[in-house]
Amino acid sequence: MNNLREVNNDILKDWLNFREEDLCSLTCDEDRKHHIYFDEISERILKRVPKKDRKYVEKQLSFLDENFMNYIDYWNEKYYRNGFCDGVQLIMGCYDNNVSF
């Protein structure tokens, strides 16, 4: 069995991908309040850029968006993965020490 704390393509990754679909659905006002409106912000920036520079700026904004999402995905997965592992270790420690609830 591999180390569950390592960010890998495994069952925890599948679960995080499943949860991401639900979390990104913006089902309530609070979710919409904290959403990253990258496309809208990019459009506002591109409206102010001269036509001769637009393709370059658009490419850089796209790169920034992809880079930021990869960053968020990696750190969220690492955070949740470690939280899950900590919870499992806590439960196993209680089981090993015969702690009753």
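A: Asn82 has a relative accessible area of 19% and is therefore called buried, since buried means under 20%, exposed over 50% and partly exposed in between, with a 1.4 Å probe and protein chains only. The model is predicted, so local features need pLDDT of at least 70 and side-chain atom pairs count only at pLDDT 80 or more, while totals for chains, interfaces and linings use all residues. Residues are numbered from 1 along each chain as its sequence is written, and side-chain values use heavy atoms, with hydrogens and water left out.

Q: What does the side chain of Asn82 reach?
A: The side chain of Asn82 reaches the backbone oxygen of Lys78 at 2.9 Å.

Q: Why is Met69 called partly exposed?
A: Met69 has a relative accessible area of 35%, and therefore counts as partly exposed. Met69 also belongs to a nonpolar surface patch with Ile36, Phe68, Tyr71, Tyr74 and Trp75, which together have about 580 Å² of accessible area.

Q: Why does Asp39 count as exposed?
A: Because its relative accessibility is 56%, Asp39 counts as exposed.

Q: Which residues gather with Asp39 in a patch of negative charge?
A: Glu40, Glu43 and Glu58 gather with Asp39 in this patch on the surface. Patches are made of residues with over 30% relative accessible area and no salt bridge, like charges being joined within 9 Å and nonpolar side chains (Val, Leu, Ile, Met, Phe, Trp, Tyr) within 5 Å; a salt bridge is a side-chain nitrogen of Lys or Arg within 4 Å of a carboxyl oxygen of Asp or Glu.

Definitions and conventions. Accessible areas come from the Shrake-Rupley method with a 1.4 Å probe; for residues, only the protein chains shown count as cover. Lys and Arg count as positive and Asp and Glu as negative; His and the chain ends are not counted. The place of a charge is taken as NZ of Lys, CZ of Arg, CG of Asp or CD of Glu. A polar contact is a pair of N or O atoms within 3.5 Å; within protein, one must be able to donate a hydrogen and the other to accept it, and residues adjacent in sequence count only if both atoms are side-chain atoms.
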